[in-house]
Amino acid sequence: MYGIILYNIQPFASSDAYNVQDLALYLAKTGKHRVSADAPHAMEYFGYYANNYFLTILLAKYFRILLWLGIQDIYIPLYILTIGGMLVGTMFLYLTGVYVKGIRGGAEILALCAGNPLYYILPLWAYTNALSVPFTAATVYFAIRLLHEKGRKGRGISAALFAGSLAVGYYIRPTVVIPAIAFLICLIVELIAGKRQWKEVGECVGIVIVVSAITIGGISKINHRYFSEVSDQNIPITHWMMMASHGTGELDIADYKYTIQFPSKEEKQKADLKRLKENYEAYSLSELFDFINKKLDISWCYADGNDLLEKVSQNRKNTVIYNWILGSKSDLFRTYCYAFRIANIGMVLLVLWKMLKKRNQDVNQVFYTLSFLGGVCFYSIWEIKASYGMPFLMFLLLLGSYGMEYLAEQMKEKKKKCICINEGGKNFWQKTTIIIFIVSVSVMMYAEISQSVTVHKEWEVHCADIGSVRKIKGYQKRFRLEQIFYADRPYNRIVLMAGAKGKAKENNASIYVKLTDTSGKLLYRGEIAAKNLSRQQEVVLKIPKVLPEGKRKYKLTIWKKSEYAGNLNIWKRKEGVLHSYKGVMKISGDKMKSRLYLGVYLEKQEAWCSGRTAFVICLCFCVLASMVFLCCPEACLNKVKENG
């Protein structure tokens, strides 16, 4: 399945993930072991944010090996790395299930991992959310072993591996600490209850402290060696707590500008704490609960990943599979995402209900529950996005495996106690009525699906996420931009990012756009009026359909008059050595490293799916619905009838 996904979907990175990958490739190509102020993203990103130092170093080493092997396009190997990480994480979850419940437990976990749609999409975002999964899963596995290991040698090995995965995972994504805290709580409770001896706990804690200290000390020295020249302006963690204390709790550029205006880290922290306190003091109790509820909605209620889909939609290929998962026909995939999440939550609720009924709790279930609730509590006070909670889905799967087991037991029990409410022909007519109803619904679905029409976009150049864009500055009085790009398929839309304010809007200034081919033939000429622009927005230009014969080069020229140039702007992608598409950008004759924020695609209306595909979808629905509603077999009914 991962092979199919990788063949059909190859997105280009944006935002934080792009900054990490771009600097890593720069270090790999230059062979440098120290990040200077002139390195890509050194001051405006890594100077403020220290959380991705170690990941950048690891990726630089990986890219160095790829370049040595002669591999220039790093994206396929990068996705293979993240997919490998997901498979390793799945292996640790399987081993956890096997260790606790035997082969059946491992099979249940594998089934849930295989059925989880986000596990196939998450590796396409080559960032800490995906790359932290194997370390989190390893921490969980070794924590479970420590909770059950009887032998001294086994406890020592498990404690050392637990500490190693925890320490390394912390430098990939600090949220790996949350299950470690949950494990510590379980250990303390069992110690107080007299289920454990102080000596064995002390030995394990001692090993964890020693191994963690050595690992953390080593990684800290490596980070300092690479980033010591740019790390003096790091933003304190209080910034994210302050940013998460108002509005929606998501990224806020105004908060970012507020924090970085203070010169030292101590002053930043003091200012953030002051505003943090003011934000929370402004809430009444009901407003505070409403605010936290909104944050929880964003963090955990988007079963399709929400911003995750946006991050991986900047595709470099256009295929049928891409359109069904991330493109104009993604409705079915998203429906499945929500159906799976609802089913998983239902299984988890079954487990929690069973736990509340029991007096002696299963320590494994308590550990999984505390780990997930720890994630919920953490993102109640931290900056949020729907994608940030992805590493915690494994705890829903682990708990869900217990729900599957409990559900199977309940169904088996109900079959034994089944009461035959239907006799003779009544049973036949009830089932017939159900089948007629399901078939009728399926026919109506077929009619609706087969006649649905959608707007389809076939991308040639696709800059999707605004996290890596910057306003073009420094050329306002003599602004003339030329961007080369390539296309080998028809297109009739061009997307730019522009904005206007002040005198540009008052005097109705304009941005002028011209598209030509290699021979200089004019394909399109138009203008973007300032009065139609906000401060920053995407602008879609409808152009005559262009029909390339093979792969062809095109030039997009953008210019503006100088009177109101400062109030009329175009945006670019902030790039270093890793480029989002092939081509060169020049501004007033100066060759730039970056690329214009650009989208080039063919827009057309087409059927949502063919009649044959609609038939297959409706047939699958009909079969599944029939299995659900007619799950009580005749053999069970006959047996009940024989027993009176």
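**Salt bridges and strands**

Mentor: E190 and R196 form a salt bridge, with their closest N and O atoms 2.6 Å apart. A salt bridge here is a side-chain nitrogen of Lys or Arg within 4 Å of a carboxyl oxygen of Asp or Glu. Please note that this is a predicted model, in which local features need pLDDT of at least 70 and side-chain atom pairs count only at pLDDT 80 or more, while totals for chains, interfaces and linings use all residues. Residues are numbered from 1 along each chain as its sequence is written, and side-chain values use heavy atoms, with hydrogens and water left out.

Trainee: Are E190 and R196 buried or exposed?
Mentor: Both E190 and R196 are buried. Buried means under 20% relative accessible area, exposed means over 50%, and partly exposed lies in between (1.4 Å probe, protein chains only).

Trainee: How many salt bridges does the structure hold?
Mentor: The structure holds 16 salt bridges. One of them joins E203 to R152, with the closest N and O atoms 3.2 Å apart. This pair links distant parts of the chain, 51 residues apart: E203 is in helix 11 (residues 198-227) and R152 in helix 9 (residues 152-172). Helices (H or I, at least four residues) and strands (E, at least two) are DSSP runs, numbered from the N terminus.

Trainee: And how accessible are E203 and R152?
Mentor: E203 has a relative accessible area of 23% and is therefore partly exposed. R152, at 58%, is exposed.

Trainee: Which residue meets R493 in a salt bridge?
Mentor: The side chain of E603 meets R493, at 3.4 Å from N to O. E603 lies in strand 13 and R493 in strand 4, so the pair ties together parts that are 110 residues apart in sequence. E603 counts as partly exposed because its relative accessibility is 26%, whereas R493, at 13%, counts as buried.

Trainee: What pairs with strand 13?
Mentor: Strand 1 (residues 453-462) pairs with strand 13 (residues 599-607) in the antiparallel sense over nine bridges. Within that pairing, V453 has A607 as its bridge partner. Strand 4 (residues 491-500) also runs antiparallel to strand 13, joined by three bridges, and V495 has G599 as its partner there. Two strands pair if DSSP finds at least two bridges between them.

Trainee: In what order do the strands of the open sheet run?
Mentor: The six strands follow the order 6-5-8-3-10-11, with antiparallel pairing. Strand 6 (522-529) and strand 11 (590-592) are the edge strands, each pairing on one side only. Strand 10 (residues 585-587) is joined to strand 11 by three bridges, and K586 stands opposite K591.

Trainee: Turning to the whole chain, how many helices and strands are there?
Mentor: The chain has 24 helices and 13 strands. Its radius of gyration, taken over C-alpha atoms, is 29 Å, close to the 26 Å that the globule rule (2.2 Å times the number of residues to the power 0.38) gives for 644 residues, so the chain is as compact as a globular protein of that length. The C-alpha atoms fill a box of roughly 90 × 70 × 60 Å along the principal axes. Buried residues make up 50% of the 644 residues.
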